[in-house]
Amino acid sequence: MLPHQTYAALVGGPLDGLLLDITGWRPEEIEDGVALTTELGRWPGGRALYDPRPGEPRPPGGPGVVCRFQCSGDTP
């Protein structure tokens, strides 16, 4: 982890425990969640879907881990 970076911790699914660099993301981008390419999901080369955990506060700043994204499924 770099000292001035902001991260989301990935929870559940094939990327559980990894950190996603969200430095510079706008709040709307964080709320949209992400589809991350991975060889570890149900479909190799597909995408693991992660969304912000509902009801958790999301501090506006950083550095460090500022939120968690929960796995919501995967897609080819």
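User: What does Arg42 count as, buried or exposed?
Analyst: Keep in mind that this is a predicted model. Arg42 comes in at 61% relative accessibility, so Arg42 counts as exposed.

User: Which residue forms a salt bridge with Arg42?
Analyst: You need a carboxyl oxygen within 4 Å of the side-chain nitrogen of an Arg or Lys. For Arg42, the closest N and O atoms are 4.0 Å apart, and the partner is Asp74.

User: How many residues apart in sequence are the parts that the pair Asp74 and Arg42 ties together?
Analyst: The Asp74–Arg42 salt bridge has its closest N and O atoms 4.0 Å apart. Asp74 lies in strand E5 (residues 64-75), while Arg42 sits in the loop between strand E3 (34-38) and strand E4 (46-52). Asp74 itself is partly exposed, at a relative accessible area of 23%. As for the parts that the pair ties together, their separation in sequence is 32 residues.

User: Which residues are linked in a network of salt bridges?
Analyst: Start with Glu28, which forms a salt bridge with Arg26 at 2.9 Å between the closest N and O atoms. Glu29 also meets Arg26 in a salt bridge, at 3.7 Å from N to O. Put together, the network links Arg26, Glu28 and Glu29.

User: How many salt bridges does the structure hold?
Analyst: One pairs Glu28 with Arg26, another pairs Glu29 with Arg26, and Asp74 forms one with Arg42. For the structure, the count is 3.

User: How many disulfides does a search of the whole structure find?
Analyst: There are cysteines to think about: Cys67 is buried at a relative accessible area of 5%, and Cys71 is partly exposed at 22%. A disulfide would need a pair of cysteine sulfur atoms within 2.5 Å. The number found in the whole structure is 0.

User: What pattern does the protein follow, read along the sequence?
Analyst: The parts list is 1 helix and 5 strands. Walk along the sequence and they come in the pattern β-β-α-β-β-β.

User: Which are the edge strands of the open sheet?
Analyst: The sheet has 5 strands in the order E2-E1-E5-E4-E3, with mixed pairing. An edge strand pairs on one side only, which picks out strand E2 (19-21) and E3.

User: What does the twist average from one strand to the next?
Analyst: Picture the open sheet again, in the order E2-E1-E5-E4-E3. From each strand to the next, the twist averages 40°.

User: How do E1 and E5 run, parallel or antiparallel?
Analyst: For contrast, E1 and E2 run antiparallel and are joined by 3 bridges, with Ala8 partnered by Leu20 in E2. Between E1 and E5 there are 6 bridges, and Val11 stands opposite Gln70 in E5. The direction of E1 and E5 is parallel.

User: In E4, which residue is the bridge partner of Thr38?
Analyst: E3 and E4 run antiparallel, with 5 bridges joining them. At Thr38, the partner in E4 is Gly46.

User: How many residues of E1 are buried?
Analyst: In a regular strand, side chains alternate between the two faces of the sheet. Both faces of E1 are covered, with Thr6, Ala8 and Leu10 buried on one side and Tyr7, Ala9 and Val11 buried on the other. E1 is therefore largely enclosed by the rest of the structure, and the count of its buried residues is 6 of the 6.

User: How far apart in space are Tyr7 and Asp21, C-alpha to C-alpha?
Analyst: Tyr7 lies in strand E1 (residues 6-11) and is buried, at 9% relative accessibility. Tyr7 and Asp21 are 14 residues apart in sequence, yet their C-alpha separation in space is 4.6 Å.

Technical notes: Residues numbered from 1 in each chain as written. Predicted model: local features only at pLDDT ≥ 70, side-chain atom pairs only at ≥ 80, totals over all residues. Heavy atoms only, no water. Helix = DSSP H or I, 4+ residues; strand = E, 2+ residues; numbered from the N terminus. Buried < 20%, exposed > 50% of the residue type's maximum accessible area, 1.4 Å probe, protein only. Pairing = 2+ DSSP bridges. Axes fitted to C-alpha atoms, helices over the stretch in contact; angles between N-to-C directions.
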